[in-house]
Amino acid sequence: MEFSVQTANPAKAETACLVLPVYKGSDLLPSVAKLDDASERLIGQLLERGDFDATLGNVQLVPFAPGLGAERILLVGLGERAKCQEAAFIKALDAAMVALTKLPIDEASATFTDVPLEGRDAVWKARKTLEAAERAIYRFDQFKSSPAKAPSLAKLTLIVSDASDAPLAKQGAALGTAIGQGINFTRTLGNLPGNVCTPRYLAEQAEALGRDSQGALDVEILDEEALEALGAHSLLSVGRGSVEPTRLIVMKYQGAENPEEAPHVLVGKGITFDTGGISLKPGEGMDEMKFDMGGAASVFGTVKAVLAIKPKLNAVFIVAAAENMPDGAATKPGDIIKTLKGLTVEVLNTDAEGRLVLCDALTYAERFTPASVVDIATLTGAAIIALGHHATGLLSNDDDLALDLLDAGETAWDRAWHLPLWDEYQEQLDSNFADLANIGGRPAGTITAACFLSRFADHFPWAHLDIAGTAWHSGKQKGATGRPVGLLTQYLLDRESDAQVENSDA
């Protein structure tokens, strides 16, 4: 999506469509009031007569705009002014952008940066506007013989009333475009079928990102032979039952002025299809297990955003990719495997495979002497029971890191919720035959899964994001969401800001 920022009287803006956010009642935003005056109270009359209901998310196209520079206007309801906070703002944004994509226009203008939100500046509002625009134009129909016509919308102009906000809006729009494109990249990887998006396909995507990065991204792919020599038997055990070979994908981004600066590491679970293995899942809904690489997809999307934004920090992105299938070579319940760390694991359930690939990836991350490590995984159905589909589950061995991630989620409006990681839960992983079992029973399933991973993250600040409830939608709206690319990108940008402050103080 191309964007521009203008400081202008919106009544004079020449555009194919001007998007106007409107509160319920007669309280008009200053920019909308200017338009109302210039159009002989067109908007005010629509509201007074009840021809437009400004309930949150409602939209209405006015195909003619007499007295205005715009060819047409699109009204979008903000609901009651007193209740218009971030969630309402984003809902209105999404509704407006979806409506724009249905119009036969290739450019439009919007005044969302003028909506007052406590604690949110023009950077944030412009960022969310372009993110919403990028999400709205996304289509996944490459496997349809007759795909629907693609949206023609290609450019969005942000109109700001205060000239001092223009540089901030440009900054935010650039961020929103980069993050929105990263989100869409994640959505595409998630939506691809398992017969296309395999571990080898993910490795090819990493190599393509490296080639296109102009040297900013160094990519290394560890195949099964390399993993065997390394001793990553836990990761390899998950893919034993598949004809698709397992891969460990490592992407290194060097953006800090000091090349020796400790990197921040993101680790993604990349189970490109999960049958459950020998502990076979029920057939109903199993097609959605193509989304079980949502953690890996979000790492890829974050890489794409980072390459566009070019933050001044070092980061390592690791994806543990495998396909979990049942055959004569598959790992069986009761098998004992040795991890890269040297701990042995009794596999009580082969459908608890995500932690088996992540534990070796976390151990591998240790070699980078990381400043922090965050793993992202569609790990447990228990996370959906606990948090539904709104919040990502967050667990950590470091309270400061947890707070940093929570703050990043609030800024990105890609929120997480902090769950406990107390020692009392660890005993649920006790095994009679190995150092630990790979499941801890039904109680606190999300927590015990994180407890398992914590055994492999004892030498660095570590956090785990369980995105089982947030990585995709089911039902009529089935498809990958692109979460938590916004949270992860914001987390890295915040670390860049922290480093700059520390360097200036030094």
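Strand E12 (residues 344–346) pairs with E16 in the parallel sense, over two bridges. Two strands pair if DSSP finds at least two bridges between them. Strands (E, at least two residues) and helices (H or I, at least four) are DSSP runs, numbered from the N terminus. Val345 has Leu436 as its bridge partner in E16.

The sheet is open, has three strands and runs in the order E11-E12-E16, with mixed pairing. Strand E11 (336–338) and strand E16 (436–437) are its edges, each pairing on one side only.

## Basis of the model

This is a predicted model: local features need pLDDT of at least 70, side-chain atom pairs count only at pLDDT 80 or more, and totals for chains, interfaces and linings use all residues. Residues are numbered from 1 along each chain as its sequence is written, and side-chain values use heavy atoms, with hydrogens and water left out.

## Annotated active site

An unreviewed UniProt entry places the feature "active site" at Lys281 and Arg355. UniProt positions follow the numbering used here, feature names are shortened, and annotations may be inferred rather than shown by experiment. The lining of the second largest pocket includes Lys281 and Arg355. A pocket is an open set of points on a 1 Å grid over the protein atoms alone, where a 1.4 Å probe fits, with protein on both sides within 12 Å along at least five of seven lines; lining residues have an atom within 4 Å of a point.

Lys281 sits in the loop between strand E9 (264–274) and helix H9 (294–309). Beyond neighbours within four places in sequence, Lys281 is in contact (heavy atoms within 4.5 Å) with Asp274, Thr275, Gly276, Met286, Met289 and Asp351. Arg355 belongs to helix H10 (residues 354–365). Arg355 is buried, at a relative accessible area of 6%. Buried means under 20% relative accessible area, exposed over 50%, partly exposed in between (1.4 Å probe, protein chains only). Not counting residues up to four places away in sequence, Arg355 touches Leu379, Thr380, Asn438, Ile439, Ala449, Phe452 and Leu453.

## Helix H12

In H12, the buried residues are Leu401, Ala402, Leu405, Ala408, Gly409 and Ala412. They cover an arc of only 125 degrees around the axis, so they lie on the same side of H12. The arc is taken from the directions from the helix axis to the C-beta atoms. Asp399 and Asp400 are exposed on the other side of H12.

The buried residues of H12 pack against several elements, including helix H4 (122–137), strand E13 (372–377) and helix H14 (485–505).
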